[in-house]
Amino acid sequence: QARKTGGRQTGEVFLSKEMRHTLVVTRPIGSKDYGFADCPDLGLTGLFLHRQHLRGMERLKLGQRVTAQLVQLPQGLQAREVRAA
């Protein structure tokens with residue numbers, strides 16, 4: 001679903017629960033509003049986390065398990081819709 005607003009295109013993506021992955025926080029979000037996590041199930045490391053994508057949480061702790069949807073961007077994989085596991 002996509003629409004144009006003010007010259008910018010916006011859209012929504014709908015994913016099933018099966019598209020969520022368990023992540024382990026390796027570097028909590030600090031003063032710069034970002035951190036990193038690993039996804040042991042997929043063997044991925046250094047996944048980017050940003051504060052704006054946390055849902056129902058204010059902080060993350062080292063070693064904390066969360067679930068997220070992974071999105072491939074030109075800068076690399078990023079976690080979106082991050083929630084407590």
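Modeller: Helices (H or I, at least four residues) and strands (E, at least two) are DSSP runs, numbered from the N terminus. This is a predicted model, where local features need pLDDT of at least 70, side-chain atom pairs count only at pLDDT 80 or more, and totals for chains, interfaces and linings use all residues. Residues are numbered from 1 along each chain as its sequence is written, and side-chain values use heavy atoms, with hydrogens and water left out.

Colleague: Got it. How do β4 and β5 pair, and over how many bridges?

Modeller: β4 and β5 (residues 44-50) are antiparallel, with five bridges between them. Tyr34 has His50 in β5 as its bridge partner.

Colleague: What about β3, which strands does it pair with?

Modeller: β3 (residues 20-27) pairs with β4 in the antiparallel sense, over three bridges. β3 is also joined to β6 (residues 65-73) by five bridges, and those two run antiparallel as well. Val24 is a handy residue to look at: it stands opposite Asp38 in β4, and its bridge partner in β6 is Arg65.

Colleague: Which residue has the positive phi in the hairpin of β3 and β4?

Modeller: That's Asp33, near 70°, in a hairpin with six residues between the strands.

Colleague: OK, switching to charges. How many salt bridges does a search of the whole structure find?

Modeller: Three. The cut-off is a side-chain nitrogen of Lys or Arg within 4 Å of a carboxyl oxygen of Asp or Glu. Asp33 shows up again here: it forms a salt bridge with Arg51, with the closest N and O atoms 2.8 Å apart. That pair links distant parts of the chain, with Arg51 in the loop between β5 and β6 and Asp33 in the loop between β3 and β4, 18 residues apart.

Colleague: Which residues are linked in a network of salt bridges?

Modeller: Arg55, Glu81 and Arg83. The side chains of Arg55 and Glu81 meet at 3.3 Å, N to O. Arg55 is in the loop between β5 and β6 and Glu81 is in strand β7, 26 residues apart, so this pair links distant parts of the chain. Arg83 and Glu81 meet at 3.1 Å, N to O. Arg55 is partly exposed with 32% relative accessible area, Glu81 with 24% and Arg83 with 38%.

Colleague: Still on β7: is Gln78 buried or exposed?

Modeller: Gln78, in strand β7 (residues 76-84), is buried, with a relative accessible area of 13%. Leaving aside neighbours within four places in sequence, Gln78 is in contact (heavy atoms within 4.5 Å) with Phe48, Gln69, Leu70, Val71 and Leu73. The side chains of Gln78 and Arg80 also make a polar contact of 3.1 Å. That term means a pair of N or O atoms within 3.5 Å; within protein, one must be able to donate a hydrogen and the other to accept it, and residues adjacent in sequence count only if both atoms are side-chain atoms.

Colleague: Last one. Where does Gln64 lie, and what does it touch?

Modeller: Gln64 lies in the loop between β5 and β6 and is partly exposed, at 22% relative accessibility. Not counting residues up to four places away in sequence, Gln64 touches Leu23, Val24, Val25, Met57 and Arg59. Its side chain reaches the backbone nitrogen of Lys61 at 2.8 Å.

Methods:
Two strands pair if DSSP finds at least two bridges between them. Buried means under 20% relative accessible area, exposed over 50%, partly exposed in between (1.4 Å probe, protein chains only).
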